[in-house]
Amino acid sequence: MKKNLLIIALFIGVLVCAVGYSDSQYRTSIGRKAPSLRISDAGNEIILNDMRGSYVLLNFWKSTDAPSRESANDYTAWLRRHPEKNIKYISVNLDESPELFREIVKLDSLIPSTQYHVDGRDARAVSDSYGLNNGLGSLLIGPDGRIIAHNPSWDYLNMIDN
């Protein structure tokens with residue numbers, strides 16, 4: 001009887017893990033092609049697929065999420081130190097308020113040309129495509145459009161050849 005209960009408990013555990021595995025997280029697994037991304041913000045449009053042939057560092061952040069806001073600052077600092085690197089940087093803000101976003105960009109001295117804001121339905125679509133409901137983060141996308149790292153460190157970025 002105990003053996004049967006143990007087998008049933010293990011089966012239920014495996015089933016719960018399998019059901020809990022999000023398709024969106026699978027789509028952003030290392031080695032997978034990055035989901036499409038098209039953002040129009042203040043007259044500027046960015047299309048991720050148009051950046052094939054380059055490394056792309058894609059960062060998602062909110063002003064209310066301290067770790068993600070810090071990552072926007074960290075990656076901006078790295079980019080300023082390494083302008084010679086062939087890495088395109090797209091930093092996507094998901095705040096509800098575009099005014100707050102613009103103030104944070106100024107306050108934190110972020111590079112405006114790398115910063116994009118999406119809200120409302122567009123933010124939900126981006127969150128769903130990139131599995132951001134479980135937390136914000138960054139992806140390094142290779143020249144072939146495939147994800148090669150999650151939340152890459154400065155050391156990792158430094159290893160990329162021009």
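## Strand pairing

Two strands count as paired if DSSP finds at least two bridges between them. Helices (H or I, at least four residues) and strands (E, at least two) are DSSP runs, numbered from the N terminus. With that in hand, let's look at one pair: strand S4, residues 87-93, runs parallel to S5, and three bridges join them. Within S5, His117 is the bridge partner of Asn93.

This is a predicted model in which local features need pLDDT of at least 70 and side-chain atom pairs count only at pLDDT 80 or more, while totals for chains, interfaces and linings use all residues. Residues are numbered from 1 along each chain as its sequence is written, and side-chain values use heavy atoms, with hydrogens and water left out.

## The sheet and its helices

S4 and S5 belong to an open sheet of five strands, ordered S5-S4-S3-S6-S7, with mixed pairing. At its edges are strand S5 (115-117) and strand S7 (147-150), each of which pairs on one side only. On average, neighbouring strands here are turned by 20 degrees against each other, direction ignored. Axes are lines fitted to C-alpha atoms, for helices over the stretch in contact, and angles run from 0 to 180 degrees between N-to-C directions.

Helix H3 (residues 66-81) lies across strand S3 (55-61), S4, S5 and strand S6 (138-141), at about 150 degrees to S3. Helix H4 (residues 98-107) lies across S3, S4 and S5, and runs at about 165 degrees to S5.

## The chain as a whole

The protein chain has six helices and seven strands, which follow one another from the N terminus as α-α-β-β-β-α-β-α-β-α-β-β-α. Of its 162 residues, 41% count as buried (under 20% relative accessible area, with exposed over 50% and partly exposed in between; 1.4 Å probe, protein chains only). Among contacts with a separation of 6 or more, 69% come from residues 24 or more positions apart.

## Two nonpolar cores

A nonpolar core is a set of buried Ala, Val, Leu, Ile, Met, Phe, Trp, Tyr and Cys residues joined through side-chain atoms within 4.5 Å. The largest one has 21 residues, and Ile90 and Tyr130 touch the most other members. S3, S4, helix H5 (120-130) and S6 each supply at least two residues of this core. Apart from it lies another core, of 17 residues, including Leu57, Ile87, Phe101 and Ile111.

Leaving aside residues up to four places away in sequence, Ile90 touches Ile46, Leu48, Met51, Val56, Leu57, Leu58, Asn59, Thr114 and Tyr116.

How values were computed
Contact = heavy atoms within 4.5 Å.
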